[in-house]
Amino acid sequence: MKNPDPEKPEGFEPLELLDLGTTESLAELLSRMSKTAFGGRELGKAYGIMRDILSDPNCTIVVTISGAMTIAKMGLILCEMIDNNMADIIVSTGAILTHALSEAIGGSHYKHHPSISDEQLYELSYNRIYDTLEPDENLARNEEFVSEILNEVDWSTPLSSVELNRLIGKRLTELSWTRNFIAAAFRKKVPIYIPAFTDSELGLTLSSHCLRKTFTQDGQAGPHLLLSTAPSFNPYLDLHDYTRRIMEAERLAIFTIGGGVPRNWAQQAVPFGEMIRDNINIDRDLPKFLYGIRICPEPVHWGGMSGCSYSEGISWGKFVSPEQGGKFAEVHCDATIAWPILIRATLESRNLARLRHLSSPLNR
């Protein structure tokens with residue numbers, strides 16, 4: 001039986017006891033957790049990678065977010081990331097923006113009481129998202145707010161989700177309703193993309209706005225309007241604008257909450273860029289994601305897109321392999337637990353964040 005020298009194990013890194021009595025901050029706690037095991041080690045690893053990202057002034061950070069994070073009251077965490085130069089680009093679901101807008105214009109969300117059935121909630125005009133409620137009243141106010149913006153849009157050119165989100169952020173800022181990530185993104189010139197735009201209240205609002213305009217013009221309502229009317233909206237404007245930013249980046253990091261369409265859409269820009277290069281002969285080396293942090297409880301074997309691991313993404317050419325310097329952390333945890341801890345710990349290390357240039361690596 002082999003008996004390796006205990007003082008020099010074969011390349012193995014020794015673990016360390018987690019001594020809470022000598023830990024004075026979340027930043028120090030996560031740093032020490034990286035030398036423990038299981039989920040704690042992975043969260044500590046994510047903290048170390050976040051430090052590396054923020055120490056790299058030429059790294060463009062893409063934040064993708066899915067799940068009911070804003071109705072879960074996590075919106076200000078994303079706001080902190082924007083304000084502290086931890087997010088250069090945001091890719092989101094429409095639901096994230098919808099619930100954030102409800103908050104921004106004064107709406108409230110509520111705890112769900114299990115004694116109230118879903119049938120009762122429907123009659124009371126409340127929509128349930130797991131253990132939280134979004135009143136219909138909020139959605140109606142959102143629709144009115146967005147429709148006022150759409151009334152001022154120049155429809156001679158197609159609209160995109162990134163432009164609509166910019167207009168919403170601009171209006172919120174003009175009204176001094178700035179304690180939300182939509183307004184923060186507008187102030188810092190951080191683009192917000194919604195790749196599955198029609199799968200959202202914002203997408204439905206845009207469509208119903210155009211249908212109302214058509215009904216006003218011809219005076220006849222009916223299913224025929226759905227066949228004859230479509231908003232002047234072009235999702236490829238989002239795709240091309242985002243891909244341009246990725247192609248112009250020197251180095252790339254991705255920070256993901258959940259998975260789904262935002263994560264996959266954000267990552268596919270790399271192979272899409274390769275297709276562009278091959279088809280139109282762009283003589284340019286395309287960046288791959290060098291860093292990745294994801295917080296998501298879903299395991300790979302469930303088969304959902306949320307379960308697509310970073311190692312799997314390497315086979316698609318989306319990521320730099322660890323052998324070539326890639327650094328990735330997969331934190332299998334509810335984001336409402338791990339995300340606040342990770343960002344708070346990072347903010348405690350503000351001296352690292354200050355190393356980043358105040359301007360975007362994309363000259364925002």
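1. Start with a helix pair: from α4, Thr98, Leu101 and Ser102 touch Asn138, Leu139, Asn142, Phe145 and Val146 of α6. Sorted by class, this contact of α4 with α6 counts four nonpolar and four polar residues, with no charged ones. Keep in mind as you look around that this is a predicted model.

2. Now for how those two helices sit. Helix α4 covers residues 94-104 and helix α6 covers residues 136-150; their axes are 9 Å apart and the packing angle is about 90°. That angle is why α4 counts as roughly perpendicular to α6.

3. Next, the strands. There's an open sheet of three strands, ordered β3-β5-β4, with antiparallel pairing. At the edges you'll find β3 (110-111) and β4 (126-129), each of which pairs on one side only.

4. Which residue in β5 is the bridge partner of tyrosine 110? Look for leucine 133. In total, β3 and strand β5 (residues 132-135) are joined by two bridges, and the two strands run antiparallel. Helix α6 comes back here too: α6 packs on the sheet, where α6 touches β4 and β5, and the direction of α6 makes about 50° with that of β5.

5. Last stop, the largest pocket, with a volume of about 350 Å³. It has 19 lining residues, and the closest to the pocket centre are Ala68, Met69, Tyr130, Asp334 and Thr336. Split by class, the lining of this pocket has twelve nonpolar residues, five polar and two charged.

Notes:
Residues are numbered from 1 along each chain as its sequence is written. This is a predicted model: local features need pLDDT of at least 70, side-chain atom pairs count only at pLDDT 80 or more; totals for chains, interfaces and linings use all residues. Side-chain values use heavy atoms; hydrogens and water are left out. Axes are lines fitted to C-alpha atoms, for helices over the stretch in contact, and angles run from 0 to 180 degrees between N-to-C directions. Helices (H or I, at least four residues) and strands (E, at least two) are DSSP runs, numbered from the N terminus. Angles under 35 degrees count as roughly parallel, over 145 as roughly antiparallel, 65 to 115 as roughly perpendicular and the rest as oblique. Contact means heavy atoms within 4.5 Å. Ala, Val, Leu, Ile, Met, Phe, Trp, Tyr, Cys and Pro count as nonpolar, Asp, Glu, Lys and Arg as charged, and the others, Gly among them, as polar. On a 1 Å grid over the protein atoms alone, a cavity is a set of points where a 1.4 Å probe fits but cannot get out, and a pocket is an open set with protein on both sides within 12 Å along at least five of seven lines; lining residues have an atom within 4 Å of a point. Grid points are joined across faces, edges and corners, and a volume is the space filled by probe spheres set on the points. Two strands pair if DSSP finds at least two bridges between them.
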